[in-house]
Amino acid sequence: MELKIIDAQGQVSGSLAVSDALFDREYNEALVHQLVTAFLANARSGNRAQLTRAEVKHSTKKPWRQKGTGRARSGMTSSPLWRSGGRAFPNKPDENFTQKVNRKMYRAGMATILSQLVRDERLYVIENLSAATPKTKEFASKVKQLGMEQVLFVTKQLDENIYLSSRNLPNVLVVEVRHIDPYSLLRYKKVVVTKEAVAQLEEQWV
């Protein structure tokens, strides 16, 4: 299996031999869906909160007498059946949304995503990614020269100048290999990986 290497102008300048196990794997839609769902669920903060019938503000007076009115008996206006009453099963901040994904499944799912990116011609390799100064305008110019608008850059080690130059660009994200996730790989239209990052991917996941 070979990946296309592009230069600073976005033109193909060569190819890089890579592992078939990581970049030529059969697509598994169910596994990718499980990976993305688990990632988004684990990112939830769980900060929503609703009130129980004991926590809502209400009067403790009985709305009407027990018998003789023809209406159903009622004890308090805090009942979940009443408007402005408490919730029977409220959401609380300590609710746990996490989903467990086995390490073997995660590796297989990431390999599936990378392989599909290669088949869709959305993944490219670049020699290196560097910036002499932390200037957003200069880095945006480099991205424009590559002919890409919405792009994810993956590097072995994130340079401070690259981080400062790219953090204000809304459609550009630069991450280290150890921080890539299935959602970002699928979200961005193009993925550009440095040669060092490709070697580290193969070292970790093959």
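At 46% relative accessibility, Glu-121 counts as partly exposed. This residue of the predicted model sits in the loop between H3 and S3. Its backbone has a positive phi, near 55 degrees, in a residue other than glycine. A positive phi also occurs at Ser-84, about 70 degrees, although Ser-84 is not a glycine. Ser-84 belongs to the loop between H2 and H3. With a relative accessibility of 64%, Ser-84 counts as exposed, because the limit for that class is over 50%.

The loop between H2 and H3 also holds Arg-87. Arg-87 has 44% relative accessibility and is classed as partly exposed. Between the C-alpha atoms of Arg-87 and Asp-159 there are 50 Å, and along the chain the two residues are 72 residues apart.

Glu-55 and Lys-92 form a salt bridge in which the closest N and O atoms are 3.0 Å apart. Both Glu-55 and Lys-92 lie in the loop between helix H2 (29-42) and helix H3 (103-119), so their pairing ties together parts that are 37 residues apart in sequence. Glu-55 is partly exposed, its relative accessible area being 41%. As background, side chains of opposite charge can pair when their charged atoms come close.

How many salt bridges does a search of the whole structure find? The search finds five, and the pair of Glu-55 and Lys-92 is one of them. Another salt bridge joins the side chains of Lys-195 and Glu-127, with 3.9 Å from N to O. This pair links distant parts of the chain, 68 residues apart: Lys-195 is in helix H7 (residues 195-205), while Glu-127 is in the loop between strand S3 (123-126) and H4. Lys-195 has a relative accessible area of 30% and is partly exposed. Glu-127 is partly exposed too, with a relative accessible area of 46%.

A further salt bridge brings together the side chains of Glu-176 and Arg-178, at 2.7 Å from N to O. Are its two partners buried or exposed? Glu-176, at 11% relative accessibility, counts as buried, because the limit for buried is under 20%. Arg-178, at 58%, counts as exposed.

The next feature is a patch on the surface. Phe-39, Leu-40 and Tyr-183 make up this nonpolar patch, and together they have about 250 Å² of accessible area. Phe-39 is placed in helix H2. Its relative accessibility is 31%, which counts as partly exposed.

The pocket comes next. In general, rolling a probe the size of a water molecule over the atoms shows where empty space is left. The largest pocket in this model contains about 180 Å³ of space. Its lining is made of 13 residues, and those nearest its centre are Ala-8, Ile-126, Asn-128, Leu-129 and Lys-142. Which helix gives the most to this lining? Helix H4 (residues 136-145) does, with four residues. Sorted by class, the lining has eight nonpolar residues, three polar residues and two charged residues.

The last stop is the start of the chain. Gly-10 lies in the loop between strand S1 (2-6) and strand S2 (12-17). Gly-10 is partly exposed, with a relative accessibility of 25%. In sequence, Gly-10 and Tyr-124 are 114 residues apart, but in space their C-alpha atoms are 9.4 Å apart. Val-12 has its place in strand S2. At 52% relative accessibility, Val-12 counts as exposed. The C-alpha atoms of Val-12 and Thr-98 are separated by 42 Å, and these residues are 86 residues apart along the chain.

Note on methods: Residues numbered from 1 in each chain as written. Predicted model: local features only at pLDDT ≥ 70, side-chain atom pairs only at ≥ 80, totals over all residues. Heavy atoms only, no water. 1 Å grid on protein atoms, 1.4 Å probe; cavity = no way out; pocket = protein on both sides within 12 Å on 5 of 7 lines; lining within 4 Å. Points joined across faces, edges and corners; volume = space filled by probe spheres on them. Helix = DSSP H or I, 4+ residues; strand = E, 2+ residues; numbered from the N terminus. Nonpolar A, V, L, I, M, F, W, Y, C, P; charged D, E, K, R; others polar. Salt bridge = Lys/Arg side-chain N within 4 Å of Asp/Glu carboxyl O. Buried < 20%, exposed > 50% of the residue type's maximum accessible area, 1.4 Å probe, protein only. Patch = residues over 30% accessible without salt bridge, like charges linked within 9 Å, V, L, I, M, F, W, Y side chains within 5 Å. Areas by Shrake-Rupley, 256 points an atom, 1.4 Å probe, with all protein chains shown as cover.
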